[in-house]
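Colleague: Could you walk me through how to read the strands and the chain contact here? I'd like the general idea before the details.

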Amino acid sequence: MKKALLLVVAFLFFAAAFGAGKKYEPAPDFTLRDVNGNEVTLHDLLKHGPVYLECWDLPCVNCIAELDALLPVYDSLKDRGLQIVALSVDKPADENRVRAFVRAKKWPYIVLLDQQQRVKKAYNIIIKPTAYLINMNGEIVYTHIGYKKGDEKRIAEEMVKWLPPRDSVPPEQPPQEK
Amino acid sequence: MGIGSLLVLSSVFGASLTIQGVNRAEFWAYQQDWATHYEDKLELSARYSDFDAELGVLWFEPSKHGPSVRKPLHLLDYAIGYNPEELEVRLGRFYTTFGQGLTLSSGADDDFRHYKSLHGLFGRLKLPLSSEVTLLGGRLRDVFFQENTYKIMNELDTTDQVLGADLTIRPIQFFGLGTRYVRINREVDPTARAFTELFGGDCRLDIGPVSAGAEFAWRLGTKPGIGGRETGTGYILNLSTALAGFSILAQYVNYLRLGFPPGTYHYNDPPTPIKSGVSINRGVDEQGFGVQASGTIPNGLYIEADLARLFVHDDTSAGVLEGEFKTRQSLGTNWTFELKFNHMLQKNIELGTYERITDRPAILLNYLTGPHTFTLEAELGWVTELPTDTTHGSNWRYHEPLISVSYGLGEKWLFTIGWQGVDKDSLKRYDNQTSWPVFETVYNINERNVLRLRIGAEKGGYTCSGGVCRYEAPFRGMKLQLISRI
């Protein structure tokens, strides 16, 4: 165990010694199942447009309020390629509740099940809601932590910055929730 | 900006090395005796191409006045992983749950401060037909925050050996199957043959708006102390349907001697149908159902109704009954209203309480104007309680009001003033206290750091998450929390 720990520490120091900053950080790629059983991969989604990835779960009232508040934003920007991915970090035992809840809410978003919290961990999420705007180059260009009513205006401003220009060829249509 | 990577190293191969982390530092000062509590939870990870490494530190240092209550906890965890596209191999700490948790369940719950981790070797391989096989071998550690202190719930059993295998397959999109096996070799078992095995399986069918699923598990174990084989069984059935924005979910559970071991921690965690997460004994002897109907009707009105019941096999009067109705409506972009009514009956659930019935209407009102946000939350609980100790009467009726007002200024600040009370004294649950005023401010320093200051009192009480419950001791004093993304 001590050897393995030393290896981890050495790995961290190696990075510290040779690291160099970049303007934006790369978004970790992932593949997860959505609530309809389809496999969804981040790098496939990014071919269609930028992704707003929000971490939520059923007890998180502010997360649900944010996803509700983003509905008109999504409606106005989806044709330009915006995709909203609601990353559910509910436990495996709550999968059926999540599915029923999403259907009742009629969210048009891509709802992914991160039951083992692998993506939550890869993105270092500790506060819910936390959301990342990922541009088409796979870089995290904006982070939004927490939610208060009205935040959606600021989020929409950030989203617009990273959408393809209006006169460009529209991206291929992203997969839609059924 | 971004997820908080400390460093990014580009390589000639186009891969990059990323180091990132989260640190949660907390300092508590108790008003009563000026004792303190310092806690730091650091999670660091590094990723390069298909390799990753993790380092976790939990440093808990209370300053209580005697060694019996001053129980520091210092944990250092690591993991090394290799994750090419179809494979994941991990050495060190890992979390995984098989199926819905009837055979094996582990995970980290930061909100509830419950960290049930496995330590050993983990492998997962993706196969054709959307199938996946998982193999693991390790030891379990259950760290739980209870009565304002961290405890390793399985302190005497952390050397127990857990071996597991899980196979899931989804050959067609609307049909999936799973099968699993877990073997636990406990140090307390009297002979080498006295191990415990859990077998499980599940199936799932999605046809149009209808989803149906079933999971079962069978436990073959050893009777504690005396030896001899002991069996347990459990299953959970789910059915849900959704149409035109309305959905109905029905669940039925039946567990008998499945939760293992029947003490303060479990290797498995069979789900509870109770929405608020209450369970009776976490799969040792439980039977019940849950029904949830929800929908969004025109004008954006969201409504939800839940009804769930859980009881033990030999006494259907003991257990939990919960009913809840909730509605939420936004008016324009400025106003949001939420109304909720919760009814709960708990019989023989809490230590010292034979029966407790609560009726709890609540209202939440949110108003936004410019950069200013105002939130009002109010709740009144009507409680009828039959205590097991009748020194202060055998039938208590009292009220539990709650009110809180928040003001948010832009993205940076949030201020909250709140009060909770109870109009009955001599309640052991609340240390005989009756009033809990609190002031809290949250300052978003920047995208990487959030500071939270809370001064006043917290009521505590019996709380649950996903079937795991604990008694939270009341608190008076100051709490300072800094969450940093590294």
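**Reading strands, a sheet and a contact**

Modeller: Gladly! Start with one pair of residues: B:Thr233 stands opposite B:Leu256 in β18(B). Keep in mind that this is a predicted model.

Colleague: Which strand pairs with β18(B) over 11 bridges in the antiparallel sense, and how many residues lie between the two in the hairpin?

Modeller: Strands of a sheet pair through backbone hydrogen bonds, and the pairing is either parallel or antiparallel. Here the partner is β17 (residues 229-243) of chain B, antiparallel to β18(B) over 11 bridges. Two residues separate β17(B) and β18(B) in their hairpin, and B:Ala244 in the turn has a positive phi of about 50 degrees. β18(B) also pairs with β19 (residues 285-297) of chain B, again in the antiparallel sense over 11 bridges. There, B:Tyr252 stands opposite B:Phe289 of β19(B).

Colleague: Which residues of β18(B) make up its covered face, and which its uncovered one?

Modeller: In a regular strand, side chains alternate between the two faces of the sheet. For β18 (residues 246-256) of chain B, the covered face holds B:Ser247, B:Leu249, B:Gln251, B:Val253 and B:Tyr255. The uncovered face includes B:Phe246, B:Tyr252 and B:Leu256.

Colleague: What does chain B look like as a whole?

Modeller: Its secondary structure comes to zero helices and 31 strands. Chain B is as compact as a globular protein of its length, because its radius of gyration, 24 Å, is close to the 23 Å that the globule rule gives for 486 residues. The C-alpha trace of chain B spans about 65 × 60 × 55 Å along its principal axes, and 32% of its 486 residues count as buried.

Colleague: Now chain A: what is the strand order of its open sheet, and which strands are at the edges?

Modeller: The eight strands run β1-β8-β7-β4-β5-β6-β2-β3 in chain A, with mixed pairing. The edge strands are β1 (25-26) and β3 (39-41) of chain A, each pairing on one side only. Two bridges hold β1(A) antiparallel to β8 (residues 139-145) of chain A, where A:Ile140 is the bridge partner of A:Glu25. Helix α7 (residues 151-161) of chain A lies across β4, β7 and β8 of chain A, at about 175 degrees to β8(A).

Colleague: How many residues does each chain bring to the contact?

Modeller: Chain A gives 46 residues and chain B gives 65. On the side of chain A, the elements with two or more residues include β1 and α7 of chain A. The largest share, nine residues, comes from α1(A). That side of chain A divides into 23 nonpolar, 10 polar and 13 charged residues.

Note on methods: Residues are numbered from 1 along each chain as its sequence is written. Chains are lettered from A and ligands numbered from 1 in the order in which they are written. This is a predicted model: local features need pLDDT of at least 70, side-chain atom pairs count only at pLDDT 80 or more; totals for chains, interfaces and linings use all residues. Two strands pair if DSSP finds at least two bridges between them. Helices (H or I, at least four residues) and strands (E, at least two) are DSSP runs, numbered from the N terminus. Two residues are in contact if their C-beta atoms, placed from the backbone, lie within 7 Å. Axes are lines fitted to C-alpha atoms, for helices over the stretch in contact, and angles run from 0 to 180 degrees between N-to-C directions. Ala, Val, Leu, Ile, Met, Phe, Trp, Tyr, Cys and Pro count as nonpolar, Asp, Glu, Lys and Arg as charged, and the others, Gly among them, as polar. The radius of gyration is taken over C-alpha atoms; the globule rule is 2.2 Å times the number of residues to the power 0.38. A residue is buried if 20 or more other C-beta atoms lie within 10 Å of its own, exposed if 12 or fewer, and partly exposed in between; C-beta atoms are placed from the backbone.
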